[in-house]
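I opened the model today to look up a few local points, and I note them here in the order in which I went through them.

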Amino acid sequence: MSEFDAYAGQAETVARELASAGNLRAGQLVVIGASTSEVLGRHIGTSGTEEVAAALYTGLARAQADIGFHLAFQCCEHLNRALVVERAVLGAYGLDEVSAVPVAKAGGSMAAYAFRRMADPCLAETIQAHAGIDIGETLIGMHLRRVAVPLRPSVRQIGAARVTAAYTRPKLIGGERAVYRRPDADACV
């Protein structure tokens, strides 16, 4: 097994564990921030590579195909951390489109690769995703819904990059008399 096959398998494992922990359903949004430089053990933004991006995308796409969530790939700061999404996602979630085409040096290798692989890609200015995976400390928190629950996946590193993940849940509102579970069900409402 090559290191790239390992990266794909690790990314898929994290995505599946996140989907399970967060009870992700078809149509929900998962934001991905990934530094291919960090995967290779180099400083973020210095050594991006399409080969690493392709491996990560392959693993994430396998989980996506089975579960049905939508992927959103965060660009780097040169594109103000805009997100690569399918145009259908833009419309379904009422997202604001911005104009740019991510490339390795302005957007990042991962976002550039995803843009070329998607059927009808575009950039959204921001999103409020249901969950997210951060590979290489790219800081995806700005693109998650307000109440994020950290997840410690079994895969803590892909290559040399640290992996963190989170899913979100609805806010718990009310006071001392609030009830968060239906008396006749085990699930949160």
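Which residue just after H1 takes a positive phi? I found that Asn 23 does so, at about 50 degrees. I note that this is a predicted model, in which local features need pLDDT of at least 70 and side-chain atom pairs count only at pLDDT 80 or more, while totals for chains, interfaces and linings use all residues. Residues are numbered from 1 along each chain as its sequence is written, and side-chain values use heavy atoms, with hydrogens and water left out.

H1 runs over residues 3–21, and its 19 residues reach 27 Å from first C-alpha to last, close to the 27 Å expected at 1.5 Å a residue, where the expected span is 1.5 Å times one less than the number of residues. I listed its buried residues (under 20% relative accessible area, 1.4 Å probe, protein chains only) as Tyr 7, Ala 8, Ala 11, Glu 12, Val 14, Ala 15, Leu 18 and Ala 19. They lie on the same side of H1, because they cover an arc of only 160 degrees around the axis, taken from the directions from the axis to the C-beta atoms.

Next I checked for disulfides (cysteine sulfur pairs within 2.5 Å) and counted zero. Cys 75 is in none, since the nearest cysteine sulfur, that of Cys 76, is 6.9 Å away. Cys 75 is buried, at 2% relative accessible area.

Last, I looked up Thr 49, which sits in the loop between helix H2 (36–39) and helix H3 (50–67) and is buried at 12% relative accessibility.

Methods. Buried means under 20% relative accessible area, exposed over 50%, partly exposed in between (1.4 Å probe, protein chains only). Helices (H or I, at least four residues) and strands (E, at least two) are DSSP runs, numbered from the N terminus.
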